[in-house]
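I began with the contacts along the sequence.

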Amino acid sequence: MKTVRVMACEVRRLRGVRSTWVLLVAALLVDAAVAAVLARQAPAEELTISQALRSVAAVVPVLPLPVAALASAALGALCYGHELRWPGLAASRVTFGRRLRALAAKAAVVGVMSALLAVVTLVVDALVVRLALPAGVSAAPLLDPAGLSAALERGGIGRPLLGFLGLVVVSGWVGLLATSLVRSATAGFLLTCALPAALEPTAGLVLHRAGRDWPLWGRELMPFQYGLNWVRGTAGRAAAALDGVVIAAVLVPAVLLVLAAVLAQLRRRSL
């Protein structure tokens, strides 16, 4: 019950702050605008899976993450930044256990809101792309008549879209944990933006040594592709969309970040 009360408090706090709604609305508007521009640039005939994914995910080459993932990271950073401005726990009651419960509640709330943002973004952008496509261009990858089962098969757009949803949620968590370490929402957000460019070469090297290729969602959703371009030539030996090498390359930094955030709480008297 204590955890439920803390989560309810976090929901009320995020819902009652104007910046939350400004951020979410701005993210949806920017996403829709980017999706429309990318759709208008589509070549004749039919959208490919890659083109459809970049359009509905609003991937801009000059940004380190898709627009929705950046908004999720900012949401996570603001969630912790609100705690710094308006502490939810009295100084006399901030024990280590309460700090961890509060951090876990923030992570749960940010995760749910980020997932909802990703789903709404995909729905809105898919509609925008469908309306903005030039005459004569088919949107078959987005409106596959074979249904959901075909979309989830290897080579379909379903798995990359699930990868996009996961990327948006993880970005929110990273923004939250990074801010908990540096205790500054701006610095936490900037650190989250820097992580893809810093980690991608290492993951690319691991995949290259394993003789694997990046999954489609990784190639198309991560605009900073330093090591990606290096290992892209292994496409003839394509692996499963999410193999153990990719998971390990992502999980190791995530586990280290969580451990750092927990250890930081051990040394503090406040959240």
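This is a predicted model: local features need pLDDT of at least 70, side-chain atom pairs count only at pLDDT 80 or more; totals for chains, interfaces and linings use all residues.

I then listed the secondary structure. I found 11 helices and 0 strands in the protein chain. Read from the N terminus, the order of elements is α-α-α-α-α-α-α-α-α-α-α.

I next checked burial and surface. Of the 271 residues in the protein chain, 44% are buried. The chain exposes about 13,500 Å², and I noted that carbon and sulfur atoms supply 68% of this area.

I turned to the interior. Nonpolar side chains tend to be buried together in soluble globular proteins. I recorded 23 residues in the largest nonpolar core. Those with the most contacts inside this core are Leu65, Val129, Leu133, Phe164, Leu167, Val168 and Leu221. The elements that give two or more residues to the core are α2 (18-40), α3 (49-56), α4 (67-85), α5 (96-132) and α7 (158-182). Among the contributors, α5 gives the most, with 4 residues.

Which residues is Phe164 in contact with, leaving aside its neighbours within four places in sequence? I listed Ala57, Pro66, Ala68, Ala118, Thr121, Leu122 and Leu221.

I finally noted another core, of 18 residues, which lies apart from the largest one. Ala27, Leu103, Leu177 and Ala261 are among its residues.

Conventions. Residues are numbered from 1 along each chain as its sequence is written. Side-chain values use heavy atoms; hydrogens and water are left out. Buried means under 20% relative accessible area, exposed over 50%, partly exposed in between (1.4 Å probe, protein chains only). Accessible areas come from the Shrake-Rupley method with a 1.4 Å probe; for residues, only the protein chains shown count as cover. A nonpolar core is a set of buried Ala, Val, Leu, Ile, Met, Phe, Trp, Tyr and Cys residues joined through side-chain atoms within 4.5 Å. Contact means heavy atoms within 4.5 Å.
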